[in-house]
Amino acid sequence: ENLDWSVGALWTRSDQAEASSAPGADAAAPPMLHCAVIWRAPSAQAADLVEASRKAALRRGEDLPGRVWATAEPAWITDVAEDNSPRLRLAAQAGLRGAFAFPVQLGHEPCGVMEFFTRQTEPPDEPLRDVLAGVGSQIGQFIERTRAEDQLRQASAELQRSNTDLQQFAYVASHDLFEPLRMVTSYLQLLCDRYEDKLDQEAHEFIGFALDGAQRMQALIKDLLAYARVDTRGRSFEAVNCEHTFVAAMSNLKIAIDEANAVITHDALPTVQGDSVQLTQLFQNLIGNAIKFHGSEAPRIHVGAQRTGDEWTFSVRDNGIGIDPKNFERIFAIFQRLHTRHEYSGTGIGLAICKKIVERHGGRIWLESELGKGSTFWFTLPVVKREGE
């Protein structure tokens with residue numbers, strides 16, 4: 001505590017990956033220590049030492065910082081005048097004598113070295129050595145947290161850029177793709193209607209293929225727009241009665257329900273905090289999938305809800321064809337289909353929209369299933385808090 005630390009420096013390690021990324025860098029260059037920061041007391045006449053430190057690139061074992069890096073242990077020099085390292089000779093010429101350095105630990109590997117000089121010649125101070133070794137670990141933890149925060153900020157910025165790109169796509173899709181495609185579809189249909197008697201069977205078949213492709217493209221664009229707009233066009237949250245959203249979804253699915261002779265039952269459904277339009281779409285997509293992917297029997301679907309703490313856990317259970325567990329994560333990704341369009345219609349975006357809706361509401365979605373034995377989709381939504389809760 002009586003030592004006057006006149007000069008201090010922070011040395012950081014530049015690994016091969018970092019060094020090789022610099023313009024003109026040797027791709028085979030080994031890791032080196034570089035002086036990131038150096039400071040000195042106003043009274044310290046150590047300009048040559050400061051300049052040499054700023055220019056130095058130290059290997060493992062070289063100079064005092066390199067020795068600490070190599071051993072991952074603090075090092076104490078009683079008198080730098082007795083050391084032959086060129087930089088330490090400059091320290092002696094500046095009237096400095098004692099020197100101490102300790103590693104900055106990132107896990108088990110030093111990521112840097114803290115170095116200090118004093119005008120006094122002092123024997124090693126073991127208590128101080130131990131204290132500063134602990135400081136090195138704390139600095140390493142701070143660096144690790146800082147790096148993690150930087151990575152999180154970069155990921156957040158990348159996500160924001162992705163969202164911006166998605167919004168731009170939504171604009172392009174709605175204005176620059178959808179309308180021309182609608183025109184193509186209209187003229188193909190007009191061609192088919194007006195020249196029906198003049199076209200042979202092969203021509204009608206070709207037009208049918210073109211119409212089918214255009215209609216599938218329209219459905220894809222429509223679903224992509226719905227996916228893109230979950231965040232950008234979502235309404236502010238309010239208390240939503242899920243009984244009402246369930247009834248709305250059933251109304252939208254009436255034709256599919258009637259055609260499949262589906263039997264759909266449900267528990268008493270709660271009021272949650274959310275976007276009523278998106279929650280209707282969530283029920284509609286999940287129940288619609290249960291109807292579409294039915295087995296040999298008529299679809300039987302049950303919607304349940306149970307409160308667990310501050311959230312409601314919903315389930316949509318069916319008796320359909322089931323899903324192989326290896327595909328559980330895959331089915332929530334955009335464009336992922338487990339069947340060809342000839343087996344089952346659709347764009348492969350419906351469950352990705354469900355996932356995005358649930359996550360926008362602060363919930364999570366998952367499933368339980370077995371091939372040939374039906375599926376149960378689970379999702380959570382927040383409880384509407386009442387006064388006093």
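**Note on salt bridges and one helix pair**

1. Asp258 and Lys254 are four residues apart in helix α8 (residues 254–260), so about one helical turn separates them. Helices here are DSSP runs (H or I, at least four residues) and strands are E runs of at least two, numbered from the N terminus. The two side chains form a salt bridge, with the closest N and O atoms 2.8 Å apart. A salt bridge means a side-chain nitrogen of Lys or Arg within 4 Å of a carboxyl oxygen of Asp or Glu.

2. This is a predicted model: local features need pLDDT of at least 70, and side-chain atom pairs count only at pLDDT 80 or more, while totals for chains, interfaces and linings use all residues. Residues are numbered from 1 along each chain, and side-chain values use heavy atoms, without hydrogens and water.

3. Lys254 is exposed at 52% relative accessibility. Asp258 is partly exposed at 44%. The cut-offs are under 20% relative accessible area for buried, over 50% for exposed, and partly exposed in between (1.4 Å probe, protein chains only).

4. The whole structure has 11 salt bridges. One joins Arg97 and Asp79 at 3.9 Å, N to O. That pair links distant parts of the chain, 18 residues apart. Arg97 is partly exposed at 26%, whereas Asp79 is buried at 17%.

5. Helices α7 (residues 242–252) and α9 (residues 276–292) pack at about 55°, with axes 8 Å apart. Axes are lines fitted to C-alpha atoms over the stretch in contact, and angles run from 0 to 180 degrees between N-to-C directions.
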